[in-house]
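The sequence and structure are shown first.

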Amino acid sequence: LLSELRFARAYGVTVLDHGAGVIVLAVFLPLSQWLGGFGAKVDNKFLLSVHLVLEIGALLSGLGLAGGLFGRAAPTENLSAVEACLLRGEGADSSSMCASYIRSDRYAGFQAAWGGLFREAHSDSDSYARIVSIEKAGDCCGFGPVLGCQEDSRQMPDYILLDGVPKQVRVQRQSCGEEAFWYPQSGKDTLECAQSASDSRRLLPPTTVAASADDDGSGDSDASLTDVGGCKYEMPASNCKSDAAPAASTKGCAVQLEKEMNYEMRAFGGVIMGFTLLQVVSITSTWFLCWKRKAHDVVPDLSASSFQSSALPLTSSTAAVRDPYLRRQDPGFRPTMGSDEAHQKFTLRQGILLLRQAQHQQEQEEEEQEEAALSEAERGRN
């Protein structure tokens, strides 16, 4: 979206913001994932909560970016119906539907995208291959309706990118050649389209908005070609422009270009939407990790000592081991991870504590027994 300027020319410069947004998310998400992983490791609910908020923000941002791309890829006209407007017709179809389509801002945007590709094709083989493939795939030639040029002096929409497009597109929406319904001569070298016309068909005066070859290569610098009426096609790239008498079924490529670019935009949106599913999984798992209890409260001890202790009769000592109140009496116990190692250390400390308590209780009982024996002997002597 950032490197292919044809998207900004066709759909507007806000497409560049979508590309930048994807990059920001790509840089931001690893930090969020690290916070979530560390928070899950140490069982820290604050870090998990921060991670949860960040993931929800990333989810909403991803949905917004994908929705924006899908919205721009939605055509404003029935493309199958308006394709007939691009057929040869000495001005094409003059119906209100065709006039509305050809004079629309969306049509002007894709015209700028085609013009940018056409200009880049002079020096870039990939752009040349792309524009030729569009003409072959759509069985079309040039952008607009064949032999259907009609002057439109309005300025191009201000939201589209005009950098790198031919001058004839930047100056006004539609410029025409010297011959009626012809387009200005375009290109140079192998992409040049400068067709001659008979004086009997010269219906229009020379246009004052002809493109200049020294600016962008879309005009003819040879002033001796006085019989050049322009080009019957609008910025054609393939050999279709050599057809001196276009057939009635010959059409422009405006619809084919929009179909292909809409498909690419939907593909970009689908990829972003697919990545948002990862945010849904992350949000769900983080939610459960935030609200679950500590592992030592819910995970049973599967060590051999636990089975041995469970086989002992339920005395006051063994009951005390299972008493959660007693477990809280150890000042050295600091559960942080809920791991097996931490649980074993906890069990060992509790065992030592119980042994000390049992020894202390036994010593007290022995002292009480000695005192009782001494008291009994004393009464016997008396």
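## Salt bridges

A salt bridge is a side-chain nitrogen of Lys or Arg within 4 Å of a carboxyl oxygen of Asp or Glu. The model is predicted: local features need pLDDT of at least 70, side-chain atom pairs count only at pLDDT 80 or more, and totals for chains, interfaces and linings use all residues. Residues are numbered from 1 along each chain as its sequence is written, and side-chain values use heavy atoms, with hydrogens and water left out.

The whole structure holds 9 salt bridges. One of them joins Arg130 to Glu264, with the closest N and O atoms 3.9 Å apart. Arg130 lies in helix α7 and Glu264 in helix α10, so this pair ties together parts 134 residues apart in sequence. Glu264 also forms a salt bridge with Arg6, at 2.9 Å between the closest N and O atoms. Arg6 belongs to helix α1 (residues 5–11), so here the tied parts are 258 residues apart in sequence.

## Accessibility of the arginines

Buried means under 20% relative accessible area, exposed over 50%, and partly exposed in between (1.4 Å probe, protein chains only). Arg6, at 4% relative accessibility, counts as buried, whereas Arg130 is partly exposed at 28%.

## Helix α7

Helices are DSSP runs (H or I, at least four residues), numbered from the N terminus. The buried residues of α7 are Ser127, Ile131, Val132, Ile134, Glu135 and Gly138. They cover an arc of only 150 degrees around the axis (taken from the directions from the helix axis to the C-beta atoms), which puts them on the same side of α7. The face turned away from this buried side carries the exposed residues Ser125, Asp126, Lys136 and Ala137.

Note on methods
Helices (H or I, at least four residues) and strands (E, at least two) are DSSP runs, numbered from the N terminus.
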